[in-house]
Amino acid sequence: MLHYRTFMIAAVAAASLPFAAANAQSDGSIITLGAAVSLTGKYTTNGEHTKRGYDLAVKKINEAGGVTVGDETYKIEIKYYDDESTPARGAELAERLIQQDGIKFMLGPYSSGMTKAIAPVTEEHGVPMVEANGASRSLFTNNWKYLFATLSTSEQYLTGAITLVAKNADDLGKEPEEIKVAMAFENDPFSQDVREGVLDDMKEYGMEAVIDDQLPRELNDMTATLTKVKALKPDLLIVSGHSKGAATAIRQINELKVNFPVLAMTHCDSADIIGKFGDGAEHTLCATQWAPTMSYSDELFGSAQDFAKLFEETYGYAPPYQAAESAAAVQVYADAFERAGELDSKKVRDALAATDMMTFYGPIKFDQAGKNIAKPMALYQVLDGEYKVVWPSGVADTEAVVPRPST
Amino acid sequence: MLDNIEILVQAPVITLDLVLNGLLLGAIFALAAYGMALVWGVMNIINIAQGEFVILGGYVAVVMAAYGIHPLIAVPVAALLLYAIGWALYRTVIFRIVDRDLFTSILATFGISIVLQQLMNTIFGGNVRIADAGLGTVFLMNGMVSLAQVKLLAFALAAVLGSTLVVFLKRSRLGQAIRATAQHPRAARVLGIDTDRVYAATYGLNAAICGACGALVAMAYTVHPYIGLPYTIRSFMIVVVAGLGNLAGVIAAGLGLGAAENVAGFVFGTQYQLAFVFLLLVVVLVWRNRRLARKRGYLK
Amino acid sequence: MNAMLEVERVSKSYGGVRANRSISLSVEEGRIVGLIGPNGSGKTTLFSSIVGTHPIDEGVIRFEGREISHLRAADVARLGLIRTFQQTRIYGRMTCVENMLISSSQRGSSLFDLFRARNPLREKRAEELLEFVGLHPKRHLQAGSLSFGQQKLLEFAMALMNEPKMLMLDEPTAGINPTLINGVIDRLKRANEEFGITLFVIEHNMRVIMNLAEYIYCLAHGELLAQGRPDEVRNDQRVVDAYLGSH
Amino acid sequence: MSKSRRPLLGHLAILAIGIAAPLVFPAWQSQMAELWLFIVFALTWDLVGGQMGYNSFGNVVFLGVGMYACVVTQVGLFYQVSAYNDARGGGATIFTFDPRQYFEGLAIGLPVGAVLAALTAAFLGSLVLGMRGHYFAICTLGLGVAAGELANGWEWIGAGSGMVPPNPPGAIGDLSRFYYYLAFALAIVTFLGLRWLYTTRFRFAINAIRDNEDKAEAMGLRTTQIKTTAWVIAAFFLGIAGGILGNLKRFIDPIDTAFAGATFGVWMVLMAVLGGKGTLWGPVIGAILFQVFKEASWTYLLGWQRVALGLLIVLIVVFFPQGIMGFLRERFPAWFGHRVEGVKDMDAVEETKAR
């Protein structure tokens, strides 16, 4: 009997499949955006931040009456798929959104790898994609016309850290060119691009890389790298490996009591290093796209602080920058729709290219390649159990403590 | 690579540091591997969901820590909970594949592992979690060798658990039944042993070992719904090297693997650490096969 | 001079157990030679040593004057020395005809030959041999569904299909319905006479081996105990003791 | 209708459907292209796993080797591969391929991928195919993961940052349709190739190895050589499939796309088992059902699709291990040419023969 049942289920599934490709596109007064984000797999956490950012902006925009395109007002909706954190799946789902669900406007996925997989598809179909989480530089060297990013690209992530260390080289008792840097980057598209950027910045000051380790994706132990740090005594250790890398690094640095003057990393807030490690996270420098203390604001959300409050009320935790930049991506679309005056992919693309707006997340203006050149990257430092913006000086809350006081 | 070796040669104390830290991690692998060897040996099942059991145990510690309970208490709690889960899994799925070939068990437990990953992701979220045991660090050799107390504790607990298990299997009625079933299921059945119950207990016991192991992992390392695989794979590797029913071998292989892996990560770079483990697995198997193969040459 | 198979001082031990101790014997071309001995006397081990299933510790094995002590099983078989197994081994999920078709001689053939088109001669031969052992009506059944006796016959037919120069049979009548044993003996003799295949037979059933073999070797405790014509061996006191002692 | 013509008509119908499908359902063509590749995966896996009884979890190695070899060739013919892959970090150079270069690269790249995958199989086969049973399965599992990790560390092919296949020139038009037909053609060729292979004695040889390897050896079959050959054949087709898949996916991640043991690697096993191991049509049917299930679960069970997949694996393996074809063969042996003759008169025959 069971065999028949299996067979029947399969047959029913097969029969019903074509109907899935139903009409999703703007019927009545709804604009549907499409997004494949990571709801499962290793990027789940950040995929969720991304999705919540999108959702919050959509909710806010709809509450404020939607977007006016031409003479009509539209509500916004988002059609999601789960890319399972694998690029192979991402490309497939993009195709699906565009071809089967008739999506004409795409939002980005989480992570550079996934964006890399999806961008060629949207480009081929001439569907604009505004993405908020693909920072890899190589996304913007392909002459792509339909890709726009609200975030600063990866090579800028840790520029602040290198600059600060160079500036404070005196306190380390060295010249900038004598500074020794240890690097541990996860072996994935995003972190490897951050590494490229760091190498460029280091070259500028003539710093030397004494360790250049690549962390495996199934990371659970970085003793080998930290032992090297102990042996070679670098002045600066840089770690980048999404949330998992950040958490593992801080945990083991503290456990092994590895001492070195400066620690810089990415994904501090999405890994919640302060909540997890308390004092152990103190003085860590963290790359961030955005911070609630920044002085940006817009009409929809109000100030950055207001956004942070709203987000926390809605989801129960402070927004990591991944959520903020994602919310901004939806705002960019809303703005472009209104300026385009009609829902034509080509027209909207041109409107997107001409974007020049201020949001709670910061100014947004795309260059030829589609990356946001108006907003600088920033750097947090964990000081007294709080994230304080310490760089660039224009938006800084306070002075950085570099090197960290030896204990 | 060469400069890395140079560092090791110039400062042997670093090698010591690497090896000791590797041994501590290896003890945890050995514990999980022991469970795998038990299930493999007694039931002829390769349990790919091993790593997921470990991570589940880790989440028990994480959740308890979140409620302010010291994660050490989580070790027995996780073991008990996981025993129940293992037992339930046996009663629903595993009992149907006990007498089938290993390939079936690999595929079926792989399916289970996917389901468990996903459920953990849904229940606990995709974030990296830890359980803080609030312990310090021990320094040796002028601070050149540093060992986290929590890892030492994990090591000690792993040792205690391991030896308890051995005593349990030797002395207790259930343990004797398990050993009898492993040696000859049909004979055991004839002698009045309810092999079905023995299997259920064995599978539950394995899950319990993994659960305790996971609580230690959460204290000493990190947990994440999708990070079970490394534990499965290393358990596997250890069992293959050590052979079934050879506790001393499992411990030696576990500790050795932990240490070798750490040194390899240092020398070749961490990006090749996992590749090293797997290639080692392949090399060990090929070498074993060569050794077993007859020495007769091919006809020219 | 016309010894087809020569075994010289062959020893083999498993773990600590010495299964064969310095055994020497020879099988002459065209003959039917028996190998007897109580259980555990090392008969099957010797067979396995000869056909190359496992390495021998000492000694030399020659087939048609050529040393084969270090050849692998497949290569020994390709020289025309084929064995059957005590617990029959056939390809259970293939049909009888398929079992036969893949059993044809590999002598001098290469991998490439496996991809050649069908060979009507081979198919005809397979049918003939199935007819010969009486399995022709069952030729399209899965071999695994045959009874034990039928599987033994199939295995015998497969061995003949291989056109061996010498066939080593491990207890060809064990487990066979006593009423069918005479048929088996008859076919073995015909294989020897009509196809000119030298036979080397392990047999437990004394009646069968006395009836069949022209010369008999007897093993006990891994050593060669006695040899000679059937009546000589039957009357050898050592052989009688060995058999009685084993009970 | 005569008996010999029926299959021919059936095949023509499949051919017609295959050709017309992307024109009728253009929205589905990339999933259908993937389906054809899945059929290749399942068929080639079954050659070794089903027909020969060597359950491999490492066939994904050949997929990855084929994929990288093809794409590296496509790039390497016209540019420096290292420069191309370095540029991911943002170089000034923009790498473009005109249509002639693009197709030339592909025409050379696919065979190169196939040959390299086959060579890899020959080398690995000589190492690991001496192992029997589950040690082989375990060892191939290790090989699959190790290959992914090595690719993940190898700078020249882009390491963990992955590698982007050449961007097709805009003039080509609908790229996924092109790859659909390529995948379709590969599936047909693989199917026909294996169908021919299974008419030769080679099929008996690998079946014999599955049923009793010691016996096969004792009968003079050089089993290691035969096993390696079977693996090489599987790898050859898988290598081409890899090249197509890489270009279809447009971004090669070493672990998630190329050496994706946890997805493609397991799926190929699953599809073959679902359809019925050791049959020609089983893997095809299994692949179709699996792809339909996979796509449907992504639509209707969003966020739970992996749970569904895991449960599907357990259900198939536990309750339906003989697969669809196996089930049908049990129920309707006559369809498969297994003649069952009257058992009663068989015994009579035996008696007369014996007398």
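Here are legends for a few close-up views of a predicted model.

**View 1. How the chains touch.** Five pairs of chains touch, and the pair with the most contacts is A and D. Chains A and C, on the other hand, don't touch: 23 Å separates their nearest C-alpha atoms.

**View 2. Helix α6 of chain A, end to end.** This helix takes in residues 189–205 of chain A. Its 17 residues should span 24 Å at 1.5 Å a residue, and the end C-alpha atoms sit 25 Å apart, so the two figures agree. Just past α6(A) comes Gly206(A), with a positive phi of about 70°.

View 3. Twelve of the 17 residues here are buried, so the rest of the structure largely encloses α6(A). The buried set runs from Pro189(A), Phe190(A), Ser191(A), Gln192(A) and Asp193(A) through Val194(A), Arg195(A), Glu196(A), Gly197(A) and Val198(A), then picks up Asp201(A) and Met202(A). Their cover includes, from chain A, the helices α4 (112–125), α5 (159–167) and α8 (242–255), along with the strands β7 (180–186), β8 (208–215) and β9 (236–240).

**View 4. Helices α5 and α6 of chain C, side by side.** A packed pair of helices is described by the distance and the angle between the axes. For α5 (residues 148–161) and α6 (residues 178–194) of chain C, the axes come within 12 Å and cross at roughly 0°. That crossing angle is under 35 degrees, so α5(C) counts as roughly parallel to α6(C).

**View 5. The contact between α5(C) and α6(C).** From α5(C), Leu153(C), Phe156(C) and Leu160(C) meet Val184(C), Arg187(C), Leu188(C) and Ala191(C) of α6(C). Sort these contact residues by type and you get six nonpolar, one charged and no polar.

Methods: Residues numbered from 1 in each chain as written. Chains lettered and ligands numbered in written order. Predicted model: local features only at pLDDT ≥ 70, side-chain atom pairs only at ≥ 80, totals over all residues. Heavy atoms only, no water. Contact = heavy atoms within 4.5 Å. Helix = DSSP H or I, 4+ residues; strand = E, 2+ residues; numbered from the N terminus. Expected span 1.5 Å × (residues − 1). Buried < 20%, exposed > 50% of the residue type's maximum accessible area, 1.4 Å probe, protein only. Axes fitted to C-alpha atoms, helices over the stretch in contact; angles between N-to-C directions. Parallel < 35°, antiparallel > 145°, perpendicular 65-115°, else oblique. Nonpolar A, V, L, I, M, F, W, Y, C, P; charged D, E, K, R; others polar.
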